[in-house]
Amino acid sequence: MDRISFLPDDVLLHLLSLLTTKDVLKTSVLSKRWRNLWKLVPKLKYIDCDENADHGRFLLFVDRSLLLNTAPVLQSLHFKFRRQCSDVDIGFWVRIAAERGLRDFYYYHSAFNEPSRLPQRLFTCGTLVVLKLTNVSLADVKFPVSFPILKTLHLSWVIYLDDESPRKLLSSCPILEDLVVNRDRDDNVTTFSIMVPSLQKLTYCGVSGDEADFVLNAPSLKCLKISDLGYECMVEKMPEIVAANVEVIYWNTDNILGSLTSVKRLSLCLPSESPFPTGKMFNQLVDLEFCTCATGWELLLSFLKHSPKLRALKLNERHGCDIGELWDHRDDEPRCVPETLMFGLETLEWRNYRGWNVEKQLATLLLKHSFHLKRAIFSSVDTNLEDENEMLTELALLPRGSTTCQLVFS
């Protein structure tokens, strides 16, 4: 402990910032050097997940430690609550932090409780760079709000007043770069609109709903992950997109796929009837992951045909669907084998391979016509050793267009 005590204050404060505030306060009894050091820690983290602990004592601890903190700038304030806290207490803490130049605010409230209401002062805190909210209600927030330097915004299980609320909130973030949205089923929004010119990374998880829409206009977007259950998407062209992960259950995917033509890495899980976007080319696509749980063979062949730079293909069953029923059955190979398959593909990985006839049919096509394939990796679902050996033997006997292809079974 003596060696640690001789370290400079900035080093000790950095180490203390990695702890919860409750643990930080315990260090004040170590020696005279540590007695008041805890008051200068610029990052405060409060966790109340023990239902047997004295809740009133915890609230008093938050009050006192916040008021006694003398760090020049409060860099971050994190709350993680399992039990209900009053809006009055939360408002008091947030107002103190906002007056101290708060830059990073994280608020997590257990979904077992009613959504928390945060004070209006938070939404005019001009120093915030990171804002992450879970299980809160923004229905009472008065617009306009202002986040002039906010770059990261996470909204999980948030309740809004109406369709305009998320649009107004996002329009108040002129330099926002990273957005995460996890929708709540009863969030009062039927059309969720994201129109942020500066946005570079988006993760969006929707909820089922027959009358709900998702609108996206983010021309600077580089990374997209969307899990949209039941929505019609209206997506503008994204010329800067580099990586995308799309998992949807509605069949009209022409719009969203057509907006991703600049992508380099693409992961798809789509309904079996999803069409390939008419007249589109994926000229930059290098790495494609294709979910086999429902997606049809024709769509995969269309991607191979319209992706001249494709080098890596991964097939993976995510949801345990019956590929034998959902995939198209064919008695012969396609008349025109895609050139990408013949001259471009270098790596093939197939996860959850079962060795069913329809799977062997596709594996035969891929191995036989991939003349530049260097490595083909197959991994099975839970099967016994005898079945695995049988699948490996069958795969090894399939014709291969590449004499240098290494076949791996794991």
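Which residues touch the most other members of the largest nonpolar core? In this predicted model, they are Phe105, Ile194 and Phe303, and the core they belong to has 106 residues.

## Nonpolar cores

The contacts of Ile194 can be listed individually. Leaving aside residues up to four places away in sequence, Ile194 touches Leu170, Leu179, Leu199, Leu202, Tyr204, Phe214, Val215, Leu216 and Asn217.

Another core lies apart from the largest one. This other core is made of eight residues, including Leu12, Trp34, Trp38 and Val41.

## Packing of helices 4 and 5

Helix 4 spans residues 55-68 and helix 5 spans residues 87-98. Their axes come within 10 Å of each other and cross at roughly 15 degrees. Angles under 35 degrees count as roughly parallel, and helix 4 and helix 5 are therefore roughly parallel to each other. The crossing of helix 4 past helix 5 is left-handed.

On the helix 4 side, the contact is made by Leu59, Val62, Asp63, Leu66 and Leu67. Helix 5 contributes Asp89, Phe92, Trp93 and Ile96. Sorted by class, the residues of this contact are seven nonpolar and two charged, with no polar ones.

Asp23 sits in helix 3, which covers residues 21-26. The relative accessible area of Asp23 is 32%, so this residue is partly exposed, a class that lies between under 20% for buried and over 50% for exposed.

Definitions and conventions: Residues are numbered from 1 along each chain as its sequence is written. This is a predicted model: local features need pLDDT of at least 70, side-chain atom pairs count only at pLDDT 80 or more; totals for chains, interfaces and linings use all residues. Side-chain values use heavy atoms; hydrogens and water are left out. A nonpolar core is a set of buried Ala, Val, Leu, Ile, Met, Phe, Trp, Tyr and Cys residues joined through side-chain atoms within 4.5 Å. Buried means under 20% relative accessible area, exposed over 50%, partly exposed in between (1.4 Å probe, protein chains only). Contact means heavy atoms within 4.5 Å. Axes are lines fitted to C-alpha atoms, for helices over the stretch in contact, and angles run from 0 to 180 degrees between N-to-C directions. Helices (H or I, at least four residues) and strands (E, at least two) are DSSP runs, numbered from the N terminus. Angles under 35 degrees count as roughly parallel, over 145 as roughly antiparallel, 65 to 115 as roughly perpendicular and the rest as oblique. A crossing is left-handed if the near helix is turned anticlockwise from the far one by less than a right angle, and right-handed if clockwise. Ala, Val, Leu, Ile, Met, Phe, Trp, Tyr, Cys and Pro count as nonpolar, Asp, Glu, Lys and Arg as charged, and the others, Gly among them, as polar.
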